[in-house]
Amino acid sequence: LRALARVINTHVSRVIRTGMELNDHAKTWGKDLPKPHSDPYFYCFQAMVSGACFDIWDSGCREPFEIIFDEHVVFGTRVEKWFPVFREIMRAKHPDEFSILPDLPTFRSDDECMPIQAVDIFAYIYRASEELKGANTGFEWMATELGSLRCSEYCRHFELEDMRSIYADSQ
């Protein structure tokens, strides 16, 4: 893990993450919306893609980017089905940034795409900090090892008020 942290520190400049309070989701989007909109993965996925797009755009890059997610048998298929709708929303609301969006996301296993193993580490650290609220996991040292990485300003953590606001706007 320390060797992987050294590789990450050498090749990664910033991190973007998205999460949500599942209890808050159950009270809002999960309660009132049909599938796939009621699925927590649906909004987190959209927030990750749009956040990555905005972050890349803000860095000055104007070339289309590729985005790779961990393989997910059920949600990957749904995401591919809904991605054209997401792209059209981006085209309407953010036409400049839309120009660099991928046509479709890519899904790979962490065995076939090694950088996903790094993402898994970030996901664990993030989940542990949000869900376990300071409980000792034994891996706190990993956050220190990766402490030089900068978080994107587009990192999101959806809580009840965020979800209520987005739901009201979507109506």
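Let's start with the aromatics. Tyr41, Phe45, Phe69, Phe75, Phe83, Phe86 and Phe107 come together as one aromatic cluster. Before I go on, the ground rules. This is a predicted model, where local features need pLDDT of at least 70, side-chain atom pairs count only at pLDDT 80 or more, and totals for chains, interfaces and linings use all residues. Numbering runs from 1 along each chain as its sequence is written, and side-chain values use heavy atoms, with hydrogens and water left out.

Back to the rings. How many aromatic pairs does the structure hold? There are 11. Rings of Phe, Tyr and Trp (its six-membered ring) pair if their centres lie within 6.5 Å; planes under 30 degrees apart are stacked, over 60 edge-to-face, the rest tilted. Take Phe45 and Phe83: centres 6.1 Å apart, planes at 75°, so this pair is edge-to-face. It links distant parts of the chain, with Phe45 in helix α4 (residues 40-58) and Phe83 in helix α5 (residues 73-93), 38 residues apart. Helices here are DSSP runs of H or I, at least four residues; strands are runs of E, at least two; both are numbered from the N terminus.

Buried means under 20%, exposed over 50%, partly exposed in between, with a 1.4 Å probe and protein chains only.

Next, Thr106. It sits in strand β4 (residues 106-108). At 15% relative accessibility, Thr106 is buried. Leaving out residues up to four places away in sequence, Thr106 touches Glu66, Ile67, Ile68 and Phe69. Contact means heavy atoms within 4.5 Å.

Now the cysteines. How many disulfides does the structure hold? The count is 0. A disulfide needs a pair of cysteine sulfur atoms within 2.5 Å. Cys151 is partly exposed, at 44% relative accessibility. For Cys113, the closest cysteine sulfur is in Cys61, 18 Å away, again too far for a bond. Cys113 is buried, at 13%.

Last stop, Tyr124. This residue is found in helix α7 (residues 115-131). Tyr124 is partly exposed, with a relative accessible area of 32%.
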